[in-house]
Amino acid sequence: MNWIAWIILIAMIVDYLFNLMADIVNLKQLSPVVPEPFQNIYDADRYARSQEYLKVNTRFEWWVSSLDLIIILIFWFGHGFAYLDDWIRSYALGPVGSGLVFVGVLGVIKLFLSLPFSVYSTFVIEERFGFNKTTVKTFIMDLIKSLVLSIILGAPLFAGILYFFEVAGDNAWWYCWIVVTIFVIIIQFIAPTWIMPWFNKFTPLEAGELKNMILDYARSIQFSLKNIFIIDGSKRTNKSNAFFTGFGKNKRIALYDTLVDQLTHSELVSVLAHEMGHYKKNHVWINMAIGIIYSGVMFYLLSIFISYDGLFNAFFMSQPSVYAGMIFFGMLFSPIDFFLGLLLQSLSRYNEYQADQFAAKTTNNPDALVSALKKLSVQNLSNLTPHPLYVFLNYSHPPVLQRIKWLNSL
Ligand SMILES: [Zn+2]
């Protein structure tokens, strides 16, 4: 084993143990006492049920991540990557063709290994807690659609990257960078109108009090908004959500039908005000800029490591290749990715406070957002008292009690 293999192996194990530890302290933190702001809407039974949901999911995640780790180690040290590569090379498909097959086969293996887990999660765990609305047909169709989508969108992009690294030499990394950036921007534009409607039905919100309230609010903060849609989230789950997609004219608000059923009109406006706050505070652009810089750095580092034999020796490969190099580099990069991820997550939590503040100030009604957050937490059986370590590792949003405290302090 060379130093690259050691780094990857240690990173995998440390990551696994670290998450395990966070899970343990997170469960230890649970107490049967309902936190004060929730005492009027949570009865002891339902609160216990939310904690049971957390326990069941945590145990399930242990199984998934343990098996994940074992399988990847067996595949790696059983020379799986090398056998797969030798087999593909025997068909002499050229570097781009071989790369597509190599990544395709790994993707299919991963998909089939994860399938039993997602079936269990959807049809056993979510079902048991009354969340699941997904039919077997929807589940299978979702699978097929995502597969088709990743082939239509992913394969040409990946082929382009391989091609540049084969022919463009030292320039390859920034060619790839530009292509990926353009690709991501195009996806952002077409996602709301071309991709998402494939999975969910978007129905324009009918004229009436709610629509007027939302449009009035948007006008009051000079937010150009034409499209408000109700999306049939209830097709898959009883959990609720709201989100924005797209940019400029393509921008649309989507409210889950489940959300509309649960919240009052002013609560709904406050939730949307929060979402619009993300736009007004430029969070959307900042995140996009970070993503673009990040991919540039990745491609540059990839271009350095791709010609380093040690990267391939670590995985027992007899011949180097751009496609395998990309996968191995991704694994080598994961410790850096981990720390960057933590940084981005804390930025995201900070931004959530900013968006909450924006909503509270501009609607002049922080109580509406507080009661919306409460209802959503109860409905989704969210953990009200996560451990700070767990939050630090996993939460893109601050825990709900902290958001309520923050809103009350404004
Ligand atoms: Zn937010």
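Biologist: Is K251 buried or exposed?

Modeller: K251 has a relative accessible area of 11%, and the cut-off for buried is under 20%, so K251 counts as buried. Bear in mind that this is a predicted model.

Biologist: Where in the fold is K251 found?

Modeller: In the loop between β3 (242–245) and β4 (252–256).

Biologist: And which residues is K251 in contact with, leaving aside its neighbours within four places in sequence?

Modeller: F223, S224 and N227 are among them, and so are F244, T245 and G246. Y279 is also in contact with K251.

Biologist: How far is the C-alpha of K251 from that of T193?

Modeller: They're separated by 9.5 Å, though the two residues are 58 apart along the chain.

Biologist: OK, zooming out. How many helices and strands are there in the protein chain?

Modeller: The count is 15 helices and four strands. The chain's radius of gyration is 23 Å, close to the 22 Å from the globule rule for 410 residues, so it is as compact as a globular protein of that length.

Biologist: What does the C-alpha trace span along its principal axes?

Modeller: About 65 × 45 × 40 Å. Buried residues make up 43% of the 410. For contacts with a separation of 6 or more, 76% come from residues 24 or more positions apart.

Biologist: Switching to helices. Which residues of α13 are buried?

Modeller: Among them are A368, L369, V370, A372 and L373, plus K374. The helix covers residues 366–379 and reaches 20 Å from first C-alpha to last, close to the 20 Å expected.

Biologist: What do those buried residues pack against?

Modeller: Five elements are listed by name: α2 (44–77), α8 (257–262), α9 (265–280), α12 (322–363) and α15 (400–409). After α13 comes L381, which has a positive phi near 55 degrees.

Biologist: And α1, how many residues does that helix have?

Modeller: Helix α1 has 26, running 3–28, and reaches 37 Å, close to the 38 Å expected. Its buried residues include I4, A5, I8 and L9, along with D23 and N26.

Biologist: Which elements do the buried residues of α1 pack against?

Modeller: They pack against α2, α10 (283–305), α11 (309–313), α12 and α14 (388–394).

Definitions and conventions:
Residues are numbered from 1 along each chain as its sequence is written. This is a predicted model: local features need pLDDT of at least 70, side-chain atom pairs count only at pLDDT 80 or more; totals for chains, interfaces and linings use all residues. Side-chain values use heavy atoms; hydrogens and water are left out. Helices (H or I, at least four residues) and strands (E, at least two) are DSSP runs, numbered from the N terminus. The radius of gyration is taken over C-alpha atoms; the globule rule is 2.2 Å times the number of residues to the power 0.38. Buried means under 20% relative accessible area, exposed over 50%, partly exposed in between (1.4 Å probe, protein chains only). Contact means heavy atoms within 4.5 Å. The expected span of a helix is 1.5 Å times one less than its number of residues.
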